[in-house]
Amino acid sequence: MAVGGWILHILKSSDGGVIQTQWGSSALDDVLVPGDYDGDGKADIAVWRPGDGFWHIINSKDGSITSQRWGPGMLLTTMFRYRVTMMETAKRI
Ligand SMILES: [Ca+2]
């Protein structure tokens, strides 16, 4: 992904530690949309790219990356259902 995007500070439930990671692209107007997409009960880091409709997700269960295009209705549904503290600590650069 391009430089810029979101810097996320994530509080780990396992040991209380904080990790920092970068994801997404400012130049492509990515929207941060965290949620549990892989179904392991933990929020996954994800962005939605409005230009092409793709979602780019870092799966929390194994760190793998999923890039998938879903229908437009998925965006609002997910944003309302999976708003998590990650959003509060994220900042766009
Ligand atoms: Ca997950």
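Which residue in E6 is the bridge partner of Trp-55? In this predicted model, that partner is Gln-68. With that pair as a way in, here is a walk through the fold, starting with its overall make-up.

**Overall layout**

The protein contains 2 helices and 7 strands. Read from the N terminus, the order of elements is β-β-β-β-β-β-α-α-β. Of the 93 residues, 22% are buried.

An open sheet is built from 4 strands in the order E3-E4-E5-E6, and the pairing is antiparallel. Strand E3 (31-32) and strand E6 (65-69) are at the edges; each has a single partner strand, so one side of each lacks a neighbour in the sheet.

Further in, E4 and E5 run antiparallel and are joined by 5 bridges. These two strands form a hairpin with 4 residues between them, and Gly-53 in the turn has a positive phi of about 80°. E5 is also joined to E6 by 5 bridges, again in an antiparallel arrangement. The hairpin of E5 and E6 has 6 residues between the strands, and here Gly-63 takes a positive phi near 80°.

| Residue | Bridge partner | Strand of the partner |
|---|---|---|
| Ala-46 | Ile-57 | E5 |
| Phe-54 | Arg-69 | E6 |
| Trp-55 | Gln-68 | E6 |

**The nonpolar core**

Which residues make up the largest nonpolar core? There are 12 of them: Trp-6, Leu-8, Ile-10, Trp-23, Val-33, Tyr-37, Ile-45, Ala-46, Val-47, Trp-48, Trp-55 and Ile-57. Two or more residues each come from strand E1 (6-11), strand E4 (45-49) and strand E5 (54-58). E4 gives the largest share of this core, with 4 residues. As background, nonpolar side chains tend to be buried together in soluble globular proteins.

Leaving aside residues up to four places away in sequence, Trp-23 touches Gly-5, Trp-6, Leu-8, Ile-45, Val-47 and Ile-58. Among these, Trp-6, Leu-8, Ile-45 and Val-47 are also listed in the core.

**Two glycines worth a look**

Is Gly-39 buried or exposed? Gly-39 is exposed, with 10 other C-beta atoms within 10 Å. Its place is in the loop between E3 and E4. Although Gly-39 and Lys-61 are 22 residues apart along the chain, their C-alpha atoms are separated by 8.5 Å.

Gly-4 sits in the segment before E1. Gly-4 counts as partly exposed, because it has 15 C-beta neighbours inside 10 Å. Gly-4 and Ala-27 lie 23 residues apart in sequence, while their C-alpha atoms are 7.3 Å apart in space.

The average pLDDT of the protein is 77, and 72% of the residues score at least 70. Over residues 80-85, pLDDT stays under 50, and the model has 7 contacts beyond four places in sequence for this stretch. Where pLDDT is low, the predicted coordinates should not be read in detail.

How values were computed. Residues numbered from 1 in each chain as written. Core = buried A, V, L, I, M, F, W, Y, C linked by C-beta atoms within 7 Å. Buried ≥ 20, exposed ≤ 12 C-beta atoms within 10 Å, placed from the backbone. Contact = placed C-beta atoms within 7 Å. Pairing = 2+ DSSP bridges. pLDDT = per-residue confidence, 0-100.
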